[in-house]
Amino acid sequence: MTAREHPPANSPTRTPAGISPAEPAPAPNGRGAPKVVAEGVLSSVRPDPRADDGRRPLAWLHITAPGRGTTPTARSWCACGRDLFAAGQTRALALISDHDRHRTTCPLWADDRSAVA
């Protein structure tokens with residue numbers, strides 16, 4: 001039995017003679033300057049949509065009210081260090097009210113309101 005020769009699986013292909021890498025097309029005025037952008041593409045610099053306007057979140061209220069038969073929960077955070085958690089409908093509602101009250105008494109909120117006014 002004679003073994004058949006197989007060509008290498010990943011053999012490099014040769015480039016035909018006379019073909020060169022792509023070069024920029026000449027400008028429409030014929031002076032040979034390369035075209036920088038395609039037609040219809042905005043070339044002006046647009047403002048960054050994620051630019052920082054200086055505002056920062058100060059307080060968060062996270063309420064979980066799952067379906068029937070499960071316990072609702074609430075968590076209140078504030079940049080001043082407040083971090084409270086409540087489980088159960090009565091306690092969660094009380095924490096929500098307390099979170100609203102905290103917004104009027106927190107020193108960070110007072111500083112923020114004076115900066116806006």
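1. Buried means under 20% relative accessible area, exposed over 50%, and partly exposed in between (1.4 Å probe, protein chains only). Asp83 is partly exposed, at 41%. Arg75 is also partly exposed, at 31% relative accessibility.

2. This is a predicted model, in which local features need pLDDT of at least 70 and side-chain atom pairs count only at pLDDT 80 or more, while totals for chains, interfaces and linings use all residues. Residues are numbered from 1 along each chain as its sequence is written, and side-chain values use heavy atoms, with hydrogens and water left out.

3. Three strands form an open antiparallel sheet in the order β1-β2-β3 (strands are DSSP runs of E, at least two residues, and helices runs of H or I, at least four, numbered from the N terminus; two strands pair if DSSP finds at least two bridges between them). β1 (59-64) and β3 each have a single partner strand, so one side of each is left without a neighbour in the sheet.

4. β2 (residues 73-78) and β3 (residues 83-87) pair over five bridges. The hairpin has four residues between its strands, and Gly81 in the turn has a positive phi of about 120°. Arg75 stands opposite Phe85, and Ala86 is the bridge partner of Ala74.

5. The structure holds three salt bridges (a side-chain nitrogen of Lys or Arg within 4 Å of a carboxyl oxygen of Asp or Glu). One of them joins Arg75 and Asp83, with the closest N and O atoms 2.9 Å apart.

6. Asp98 forms a salt bridge with Arg82 (2.7 Å, N to O) and another with Arg101 (3.5 Å). Shared partners join Arg82, Asp98 and Arg101 into one network. Arg82 is buried at 13%, whereas Asp98 is partly exposed at 23%.
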